[in-house]
Amino acid sequence: MTPIRVVCMNTLNLALNTAKRSWSTNHVGDMHGKLEDARYTLLYADKYMAELGKAVDRLNHQKLSERQVCEYIDALFPLVDNASQLMPIGL
């Protein structure tokens, strides 16, 4: 189960690597049992996405100060001294 929308190989790999659950089956044997498993998988997927939506809503309503935002950005994208010397121009 993953909330990641796959649009390229990178997001496919991210979705597969971070999936909490996966389900697959061969199309032979007890198909009724496999259909029942698929129903439960879809039910749990719906519940998972609903809970994820609630968590996203809670985070969306969380207020951050300007200082907190700057600290978060600095943690994600630290400035490097002489950064222009590290990468050739044109790349």
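**Briefing on the model**

Phenylalanine 77 lies in the loop between α3 (66-76) and α4 (83-86), where helices (H or I, at least four residues) and strands (E, at least two) are DSSP runs, numbered from the N terminus. This is a predicted model, in which local features need pLDDT of at least 70 and side-chain atom pairs count only at pLDDT 80 or more, while totals for chains, interfaces and linings use all residues. Residues are numbered from 1 along each chain as its sequence is written, and side-chain values use heavy atoms, with hydrogens and water left out.

**Overall make-up**

- The protein has four helices and zero strands, and reading along the sequence gives the pattern α-α-α-α.
- Of the 91 residues in the protein, 5% are buried, a word that stands for under 20% relative accessible area, with exposed meaning over 50% and partly exposed in between (1.4 Å probe, protein chains only).
- The accessible surface of the protein comes to about 8,600 Å², and 59% of this belongs to carbon and sulfur atoms; such areas come from the Shrake-Rupley method with a 1.4 Å probe, and for residues only the protein chains shown count as cover.
- Among the contacts with a separation of 6 or more, 27% are made by residues 24 or more positions apart, a contact being heavy atoms within 4.5 Å.

**The nonpolar surface patch**

- Phenylalanine 77 counts as exposed because its relative accessibility is 59%.
- Together with Leu64, Val69, Tyr72, Ile73 and Leu76, Phe77 forms a nonpolar patch on the surface, and these residues have about 620 Å² of accessible area together.
- Patches are made of residues with over 30% relative accessible area and no salt bridge, where like charges are joined within 9 Å and nonpolar side chains (Val, Leu, Ile, Met, Phe, Trp, Tyr) within 5 Å.

- Side chains of opposite charge can pair when their charged atoms come close.
- A search of the whole structure finds three salt bridges, each defined as a side-chain nitrogen of Lys or Arg within 4 Å of a carboxyl oxygen of Asp or Glu.
- One of them joins the side chains of arginine 39 and glutamate 36, at 2.9 Å from N to O, and both residues lie in helix α2 (residues 31-60), three residues apart, which is about one turn of the helix.
- Arginine 39 is exposed, since its relative accessibility is 52%, whereas glutamate 36, with a relative accessible area of 33%, is partly exposed.
- Another salt bridge brings together the side chains of glutamate 51 and lysine 54, at 3.1 Å from N to O; because glutamate 51 and lysine 54 are three residues apart in helix α2, about one helical turn separates them.
- Glutamate 51 is partly exposed, its relative accessible area being 47%, and lysine 54 also counts as partly exposed, at 44% relative accessibility.

- Glutamate 71, which is found in helix α3, forms a salt bridge with arginine 67, and the closest N and O atoms are 2.6 Å apart.
- Since glutamate 71 and arginine 67 are four residues apart in helix α3, they are separated by about one helical turn.
- Arginine 67 is exposed, with a relative accessible area of 55%, while glutamate 71 counts as partly exposed at 43% relative accessibility.
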